[in-house]
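Here's a quick tour for anyone meeting this structure for the first time. Have a look around before reading on.

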Amino acid sequence: MDGVTREYTGAMFEDDARAAASLRTIRVDDIRVWAAELGFARIGVANIDLAGDEAHFRDWLVAGFNGDMEYMARHGTKRSRPAELLPGTVSCISVRMDYWPHAAADATSVLEDGNLAYVSRYALGRDYHKLMRNRLQTLCDRIAGAVGAFGYRAFADSAPVLEKALARNAGLGWIGKHTNLIDAKAGSYFFLGEIYLDIPLPPDEASTAHCGTCSACIPACPTGAIVAPYRLDARRCISYLTIELKDSIPVEFRRAIGNRIYGCDDCQLVCPWNKFARPTLEQDFAVRHGLDRSQLVTVFAWSEAEFADKTRGSAISRIGYERWLRNVAVALGNAPTSPQIVAALQARAGASSELVREHVAWALAEHRHRAAAASS
Ligand code: B12
Ligand code: SF4
């Protein structure tokens with residue numbers, strides 16, 4: 001989770017008076033043009049005062065909603081005070097990059113077919129972290145070309161930064177009741193990134209909220225993770241349970257997980273603003289290895305080498321083979337009973353990993369219970 005690239009020391013911040021003079025002449029409109037050329041769908045300049053968000057963030061931690069994501073609690077107020085993370089920061093450029101892969105199988109149809117594996121739409125192609133940070137670095141190079149050396153650091157989900165709050169302040173959208181950022185003209189299927197700078201730039205107007213009386217996402221969450229509008233208990237979120245959680249998935253959530261084996265999109269799929277979602281223009285985010293509509297038994301049969309091969313360069317590789325099998329075992333437990341599915345589970349009943357064995361045993365017991373219930 002390291003921020004990227006060239007950083008200037010405090011000394012350079014103070015030292016570079018020449019740059020400071022020329023900095024004031026940079027036009028944000030020029031930065032917008034360069035950003036568009038680099039594939040960013042939209043950018044804005046954020047006011048970096050996040051006092052209100054800091055209070056909400058603190059409440060979220062106090063409630064324990066971060067679960068095992070200990071890194072969310074690790075950095076004190078650095079996450080909500082940009083100048084504490086990078087001394088000298090006075091401005092933030094927020095950027096958005098769309099990821100919806102238009103050629104992917106219809107999400108709802110995959111979710112409704114219990115034999116198929118559902119992988120969250122953001123993870124079907126190559127990992128976004130490196131791609132976005134490289135593009136942000138290029139953008140910084142272009143700014144430096146125009147104004148001379150300046151202090152900055154670029155992020156894309158790579159450091160303690162309140163990305164959604166900054167993006168809202170930059171006018172890129174509002175934080176919806178499901179807690180994702182929504183653009184009224186582009187929905188919510190996009191990634192965020194930022195550049196912290198020592199250049200004072202005029203902030204854009206912050207976005208206002210437009211959920212109105214809608215609350216469709218709250219009952220749509222299969223595990224009830226949106227415990228109140230704008231409050232997500234990550235410990236219940238399928239994205240957390242299938243990606244972040246390293247241990248056993250609590251039994252109470254396993255049936256509700258259905259066939260979601262990596263992440264979850266349900267709260268966004270029901271959001272009316274996503275009828276405006278824009279397909280990605282990035283070839284890197286296109287579906288790889290048919291992961292948008294794989295058979296559960298197929299991906300459960302992968303060897304460790306096949307898993308490494310098929311997920312190389314993708315966000316999925318981060319969870320590793322053991323958690324992959326854990327997640328698929330749960331989905332197979334929820335799949336319609338068939339000799340093929342029971343055989344696939346039995347083939348891994350003696351897996352070397354205790355974590356996998358336990359989830360396979362649960363899945364087989366689910367099929368037995370359903371068979372017993374059907375025959376009684
Ligand atoms: C931790 C994390 C998670 C956790 C927790 C999610 C969460 N809501 O916090 C888990 C693993 C569950 C997760 C899941 C997902 N994530 Co995530 N995640 C992050 C991460 C690293 C930090 C988010 C954070 O700061 N959480 C802290 C809490 C307090 O923030 P919050 O819930 O948004 O609360 C804010 C508001 O709701 C408000 N608020 C809170 N309480 C209250 C109460 C009231 C009354 C009011 C008015 C307001 C309010 O203030 C808070 C602070 O601004 C960011 C990257 C980053 N560094 O920002 C990516 C990020 C948020 N994730 C992202 C994505 C894509 C996802 C998933 C869609 C992936 C998937 N398909 O599976 C899901 C979406 C689930 C969901 N509904 O949120 C994107 C979101 C892009 C977007 N359009 O918004 C980010 C920005 C990564 C990126 N660079 O693109 N994620
Ligand atoms: S589904 Fe409705 S309440 Fe939820 S984020 Fe979208 S507009 Fe807001």
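## The overall fold

This is a predicted model. In the protein, 79% of the contacts with a separation of 6 or more are between residues 24 or more positions apart.

Going by secondary structure, you'll find 17 helices and 10 strands. With a radius of gyration of 22 Å, close to the 21 Å that the globule rule gives for 376 residues, the protein is as compact as a globular protein of that length. Along the principal axes, its C-alpha atoms fill a box of roughly 80 × 45 × 35 Å. As for burial, 43% of the 376 residues count as buried.

## A strand on the inside

Now for strand β1, residues 42-46. All told, 5 of its 5 residues are buried, so β1 is largely enclosed by the rest of the structure. In a regular strand, side chains alternate between the two faces of the sheet. Both faces of β1 are covered, with buried R42, G44 and A46 on one side and buried I43 and V45 on the other.

Which strand does β1 pair with? That's β2 (residues 91-98): the two run antiparallel and are joined by 5 bridges. Across the pair, I43 stands opposite V95 in β2.

## Around ligand 2

Ligand 2 has a shell of residues around it, including C211, C214, C217 and C271, along with K177, H178 and W273. By type, the shell divides into 8 nonpolar, 3 polar and 1 charged.

Terms used
Residues are numbered from 1 along each chain as its sequence is written. Chains are lettered from A and ligands numbered from 1 in the order in which they are written. This is a predicted model: local features need pLDDT of at least 70, side-chain atom pairs count only at pLDDT 80 or more; totals for chains, interfaces and linings use all residues. Helices (H or I, at least four residues) and strands (E, at least two) are DSSP runs, numbered from the N terminus. The radius of gyration is taken over C-alpha atoms; the globule rule is 2.2 Å times the number of residues to the power 0.38. A residue is buried if 20 or more other C-beta atoms lie within 10 Å of its own, exposed if 12 or fewer, and partly exposed in between; C-beta atoms are placed from the backbone. Two residues are in contact if their C-beta atoms, placed from the backbone, lie within 7 Å. A residue is near a molecule or strand if its C-beta atom, placed from the backbone, lies within 6 Å of it. Ala, Val, Leu, Ile, Met, Phe, Trp, Tyr, Cys and Pro count as nonpolar, Asp, Glu, Lys and Arg as charged, and the others, Gly among them, as polar. Two strands pair if DSSP finds at least two bridges between them.
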